[in-house]
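Student: I've just opened this one up and would like a quick tour. Could we take it question by question?

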Amino acid sequence: MYKNGPPPPGFVPPPPYSPHAPPPQPQGPNVVIMTSPQVGPDPTTMTCPYCQSTITTNMETEASTKTHLFFLLLCLIGCWPCAPCVYCADSCMAKKHYCPNCHKFLGVYDG
C-alpha cells in the first residue's frame with residue numbers, strides 16, 4: 001500500500017473523494033478591517049481601536065498640501081507679504097489625532 005514504508009506518526013489521510021460533497025474552502029488568515037474613526041478640528045472623545053481605552057485624542061497640527069497651495073497662490077497673485085500667514089491660520093493646517101495611551105495614529109482632519 002505505501003511505496004516507501006509506513007506513513008510518519010501523526011499522518012492523517014485525506015477523506016475519500018465524494019462528487020456530491022461541496023469543495024473545501026481555503027483557510028486564509030483572519031482579516032480584521034478597521035474603519036478610521038471620525039475626527040474633527042478639536043480633540044475627540046472616543047474608544048481607541050488599538051488599546052480599547054476611552055480617551056480624548058491628542059492633536060498635532062502641521063502644514064498640508066492645501067497649506068502649501070494657498071501659499072503659492074498668494075505669491076502668484078502678488079500677495080507675497082501675506083502669504084506666510086497661511087502657516088499661522090488654523091483652518092489651513094491638518095490636525096492629526098493620536099491616542100494618549102498607546103500613541104497610535106487615529107486619523108487626520110484636513111478641513
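This is a predicted model: local features need pLDDT of at least 70, side-chain atom pairs count only at pLDDT 80 or more; totals for chains, interfaces and linings use all residues.

Student: Where is H103 placed?

Tutor: H103 has a positive phi of about 65 degrees, although it isn't a glycine. Most residues other than glycine have a negative phi. As for its place, H103 sits in the loop between β4 (93-98) and β5 (105-109).

Student: Is H103 buried or exposed?

Tutor: Buried means under 20% relative accessible area, exposed over 50%, and partly exposed in between (1.4 Å probe, protein chains only). The relative accessible area of H103 is 59%, so H103 is exposed.

Student: And Q52, what is its phi?

Tutor: Q52 lies in the loop between β1 and β2 (54-56). With 54% relative accessibility, Q52 counts as exposed. Q52 is a residue other than glycine with a positive phi, near 60 degrees.

Student: What pattern does the protein follow along the sequence?

Tutor: The secondary structure comes to 1 helix and 5 strands. Read along the sequence, they follow β-β-β-α-β-β.

Student: How far apart are the end C-alpha atoms of helix α1?

Tutor: The expected span is 1.5 Å times one less than the number of residues. Helix α1 (residues 65-76) has 12 residues, so it should span 16 Å, and this agrees with its end C-alpha atoms, which are apart by 16 Å.

Student: Is F70 buried or partly exposed?

Tutor: F70 is found in helix α1. Its relative accessible area is 37%, so F70 counts as partly exposed.

Student: Which residues is T44 in contact with, leaving aside its neighbours within four places in sequence?

Tutor: T44 is in the segment before β1 (45-47), and it counts as buried because its relative accessibility is 18%. A polar atom of its side chain lies 3.3 Å from the backbone oxygen of D42. Contact means heavy atoms within 4.5 Å. Leaving aside those neighbours, T44 is in contact with Q38, V39, I55, T56, T57 and H97.

Student: How much of the whole protein is buried?

Tutor: The protein has 111 residues, and the share of them that count as buried is 17%.

Notes:
Residues are numbered from 1 along each chain as its sequence is written. Side-chain values use heavy atoms; hydrogens and water are left out. Helices (H or I, at least four residues) and strands (E, at least two) are DSSP runs, numbered from the N terminus. A polar contact is a pair of N or O atoms within 3.5 Å; within protein, one must be able to donate a hydrogen and the other to accept it, and residues adjacent in sequence count only if both atoms are side-chain atoms.
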